[in-house]
Amino acid sequence: MADIDPPLAPEELAQRLTEVFALVGPLYRRVQRKVEQAAPIEGLSVGVRAVLDLLRENGPMTVPQMGREQALSRQFVQRMVNDAAAARLVEIIPNPAHQRSSLVRLTGSGRAAILAALAREESLLRQVDGGLTDADVTACVRVLGRMLEVFDHVDVD
């Protein structure tokens, strides 16, 4: 039977999680640059792509809901929604639950653009190698999820 590692002491855990942060920042910035370099294919900035993906996953949402979900300011999300609306990738529709906060919904063109972007990104991610297992990815998602929970209270506006 395999030995199970005991949980790390808080000091040691903090040091190890610093290693994770040291990788996540550069990884995020490189992926962001790669997505924007390929943007002419779908015409999407990273911000517009994030809006489209949120709407694909969740259906129509308000700008404040999107901001909270992605830990982005409402002003930034509104600019991205405006860009997406100008490109006819989203449309603004009445919100039956709240007159002053309209819903944003994907158009057919927006759905096609985000699906094309996701397909291209998945193709790039197939290049990741290293014998990673499902357990490795599950552990990674668990660690990053726990780290994200610590910062859930951070105000982005």
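Guide: Start with the chain as a whole. Of the contacts with a separation of 6 or more, 56% are between residues 24 or more positions apart. This is a predicted model. The chain holds seven helices and two strands. Along the sequence they run α-α-α-α-α-β-β-α-α. The C-alpha atoms fill a box of roughly 55 × 35 × 30 Å along the principal axes. Of the 157 residues, 26% count as buried.

Confidence comes next. The average pLDDT is 87, and 92% of the residues score at least 70. Among the elements, strand 2 (residues 103-106) has the highest mean, 97. Helix 2 (residues 39-42) has the lowest, 60. Where pLDDT is low, the predicted coordinates should not be read in detail.

Now the contact itself. Helix 3 covers residues 46-58, and helix 6 covers residues 108-125. Their axes come within 10 Å and cross at roughly 105°. Helix 3 is therefore roughly perpendicular to helix 6, as the angle falls in the range 65 to 115 degrees. Helix 3 brings Arg49, Leu52, Asp53 and Arg56 to the contact. Helix 6 brings Gly110, Arg111, Ala113, Ile114, Leu115, Leu118 and Glu121. By class, the residues of this contact divide into five nonpolar, one polar and five charged. Leu52 of helix 3 is among the contact residues, and so are Ile114, Leu115 and Leu118 of helix 6. Arg49, Asp53 and Arg56 of helix 3 take part too, along with Arg111 and Glu121 of helix 6.

Move on to the loop between strand 1 (90-93) and strand 2. Asn95 sits there. Asn95 is buried, because its relative accessible area is 12% and the cut-off is under 20%. Its side chain makes two reaches to backbone atoms. One goes from Asn95 to the backbone nitrogen of Ala97, at 2.9 Å. Another goes from the Asn95 side chain to the backbone oxygen of Ser101, also at 2.9 Å. Leaving out residues up to four places away in sequence, Asn95 touches Thr62, Ser101, Ser102 and Leu103.

Ala71 lies between helix 4 (63-70) and helix 5 (74-86). Ala71 is not a glycine, yet its phi is positive, about 55°. Ala71 counts as partly exposed, at 48% relative accessibility. Arg88 lies in the loop between helix 5 and strand 1. Arg88 also has a positive phi without being a glycine, here about 60°. Arg88 is exposed, because its relative accessible area is 67% and the cut-off is over 50%.

Finish in helix 7 (residues 134-150), where Val141 is placed. Val141 counts as exposed, at 54% relative accessibility. Val141 and Gln15 are 126 residues apart in sequence. In space, their C-alpha atoms are 19 Å apart.

Technical notes: Residues are numbered from 1 along each chain as its sequence is written. This is a predicted model: local features need pLDDT of at least 70, side-chain atom pairs count only at pLDDT 80 or more; totals for chains, interfaces and linings use all residues. Side-chain values use heavy atoms; hydrogens and water are left out. pLDDT is the predictor's confidence in each residue, from 0 to 100. Helices (H or I, at least four residues) and strands (E, at least two) are DSSP runs, numbered from the N terminus. Buried means under 20% relative accessible area, exposed over 50%, partly exposed in between (1.4 Å probe, protein chains only). A polar contact is a pair of N or O atoms within 3.5 Å; within protein, one must be able to donate a hydrogen and the other to accept it, and residues adjacent in sequence count only if both atoms are side-chain atoms. Contact means heavy atoms within 4.5 Å. Axes are lines fitted to C-alpha atoms, for helices over the stretch in contact, and angles run from 0 to 180 degrees between N-to-C directions. Angles under 35 degrees count as roughly parallel, over 145 as roughly antiparallel, 65 to 115 as roughly perpendicular and the rest as oblique. Ala, Val, Leu, Ile, Met, Phe, Trp, Tyr, Cys and Pro count as nonpolar, Asp, Glu, Lys and Arg as charged, and the others, Gly among them, as polar.
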